[in-house]
Amino acid sequence: MKTRDFFGKLTSRYLLGNLLAMALVVVGLCLGVKYGLEVYTHHGEGIAVPDIKGMRMKEAAYLLEQKGLRIIVSDSGFNRRLPADCILAQSPGKGTNVKAGHTIYVTVNSPSSPSFTIPDVIDNSSAREATAKLTAMGFKLLSPKYVDGEKDWVYGIICRGRRLATGDRIPIDYPLTLIVGDGRYADGFADIDSPDPEYESIGESEDIDEFEEVTEPPVEEATEPEP
């Protein structure tokens, strides 16, 4: 094939028409995919999430269903000032635009305060370490009670007049009192003052002899009888 014939075929109307048709098909597919996805996903359309915080679970579920949304409880909390089974938090927040059928995750108020296990801080940590661990868990600590012992060492925990042990489960809203050493005894043990033995008091004017002098009676001289 000559070079002239080869370039003649490349510039033929038949080949150019096919290339143009292929380009139009590609452009049509791209536009179809773009607008088809927008229609399928309802692009540009959204539902504003309502504010359901403070509402009862039943009321919130009904409101979201009316808007075409779903609700799922993801966590629970405790707030004594609010009634049980009310919404404490929601995600996404109010005003967020979401698609129909989107799930709203909520935190529901528990009817009672959650309980937590007392960590291993009794006779195993300082007052500073115990305070940091307990407050991080959410416990409220009252003023510590000091006893004779190593300074700032935790010897126990009191809750409502009861002495706790490691592993006890206590409601988070129960205040705790740490039993802490006051540093009066460096070794952690209190000295026991034993009373001195009692002795019977004796007056100074009284003289007591430990030994009693024994005197023998006088010996009478023997006399001869008269004849």
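1. At 62% relative accessibility, Arg160 falls in the exposed class, where exposed means over 50% relative accessible area, buried under 20%, and partly exposed in between, with a 1.4 Å probe and protein chains only. The residue sits in the loop between strand S8 (154-159) and strand S9 (162-163); strands here are DSSP runs of E of at least two residues, numbered from the N terminus. Phi of Arg160 is near 55 degrees, a positive value in a residue other than glycine.

2. On the basis of the model: it is predicted, so that local features need pLDDT of at least 70 and side-chain atom pairs count only at pLDDT 80 or more, while totals for chains, interfaces and linings use all residues. Residues are numbered from 1 along each chain as its sequence is written, and side-chain values use heavy atoms, with hydrogens and water left out.

3. A positive phi is also found at Asp85, again a residue other than glycine, with a value near 70 degrees. Asp85 belongs to the loop between strand S2 (70-77) and S3, and with a relative accessible area of 37% Asp85 is partly exposed.

4. The peptide bond that joins Ser91 and Pro92 is cis, with omega about 0 degrees. Pro92 itself is placed in the loop between strand S3 (87-91) and strand S4 (97-98). Both Ser91 and Pro92 are in contact with Thr103, contact meaning heavy atoms within 4.5 Å.

5. Thr103 lies in strand S5, which covers residues 103-109, and counts as buried at 11% relative accessibility. When neighbours within four places in sequence are left aside, the contacts of Thr103 include Arg70 and Ile72.

6. What accounts for S5 being largely enclosed by the rest of the structure? Six of the seven residues of S5 are buried, and the strand is therefore largely enclosed.

7. The pairing of S5 should be read with its direction in mind, two strands being paired if DSSP finds at least two bridges between them. With S2 the pairing is parallel and extends over seven bridges; within it, Ile72 has Tyr105 of S5 as its bridge partner. With S3, by contrast, S5 runs antiparallel, and four bridges join these two strands; Gln90 stands opposite Val106 in S5.
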